[in-house]
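Have a look at the structure, then read on.

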Amino acid sequence: MALIRCEICGVKPPGHRAYKRSYVRSVKPIGYPDTVLVCGTPTCDRPGLIWLEQTEATEYDQGVRIFALQTNTTKVRAQS
């Protein structure tokens, strides 16, 4: 499941605090940096990037642009 974090906050490796997933790359959402996506870190309000796990990164390379977030309450669309 994708995650939204800014370039500065980024993501941590699995096992670091509550991180259980391994994110391998980030992609820009549509309109970045003037995107509606905001970093999910509680104290941050910078524009967010979409961080992808390996299977999602492979799908992105194959043309998939819509990814579900961890909570399954929202999906996001990446730029081509």
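This is a predicted model: local features need pLDDT of at least 70, side-chain atom pairs count only at pLDDT 80 or more; totals for chains, interfaces and linings use all residues.

Cys9 is in no disulfide: its nearest cysteine sulfur belongs to Cys6 and sits 3.6 Å away.

What about Cys39? Its closest cysteine sulfur is the one in Cys44, and at 3.8 Å that is too far for a bond, because the two sulfurs would have to be within 2.5 Å to count. Cys39 is also buried, with a relative accessibility of 5%.

## Overall build

Zooming out, the protein has one helix and five strands, and along the sequence they run β-β-β-α-β-β. The C-alpha trace spans about 30 × 25 × 25 Å along its principal axes. With 80 residues, a compact globule would have a radius of gyration near 12 Å, and the protein's 12 Å agrees with that.

As for the inside, 38% of the 80 residues count as buried. Take the contacts between residues at least 6 apart in sequence: 57% of them join residues at least 24 apart.

## The helix

Which residues of helix H1 are buried? In this helix, residues 54–61, they are Glu56, Ala57 and Tyr60. Seen down the axis of H1, these buried residues fall within an arc of 100 degrees, so they line one face of the helix.

The buried residues of H1 pack against strand S2 (23–27), S3 and strand S4 (66–68). On the face turned away from the buried side you'll find the exposed residues Thr55 and Asp61. Just after H1, Gly63 takes a positive phi of about 105 degrees.

## Glu53

Glu53 belongs to strand S3, residues 49–53. Is Glu53 buried or exposed? At 15% relative accessibility, Glu53 counts as buried, because the cut-off for buried is under 20%.

The side chain of Glu53 has a polar partner, too: it makes a polar contact with the side chain of Arg21 at 3.3 Å. Leaving out residues up to four places away in sequence, Glu53 touches Met1, Arg21, Ser22, Tyr23 and Val24.

## Confidence

How far does the predictor trust all this? Mean pLDDT for the protein is 88, and 90% of its residues reach 70 or more. Confidence is highest in H1, at 96, and lowest in strand S5 (residues 75–77), at a mean of 80.

Notes: Residues are numbered from 1 along each chain as its sequence is written. Side-chain values use heavy atoms; hydrogens and water are left out. Helices (H or I, at least four residues) and strands (E, at least two) are DSSP runs, numbered from the N terminus. Buried means under 20% relative accessible area, exposed over 50%, partly exposed in between (1.4 Å probe, protein chains only). A polar contact is a pair of N or O atoms within 3.5 Å; within protein, one must be able to donate a hydrogen and the other to accept it, and residues adjacent in sequence count only if both atoms are side-chain atoms. Contact means heavy atoms within 4.5 Å. The arc is that of the directions from the helix axis to the C-beta atoms. pLDDT is the predictor's confidence in each residue, from 0 to 100. The radius of gyration is taken over C-alpha atoms; the globule rule is 2.2 Å times the number of residues to the power 0.38.
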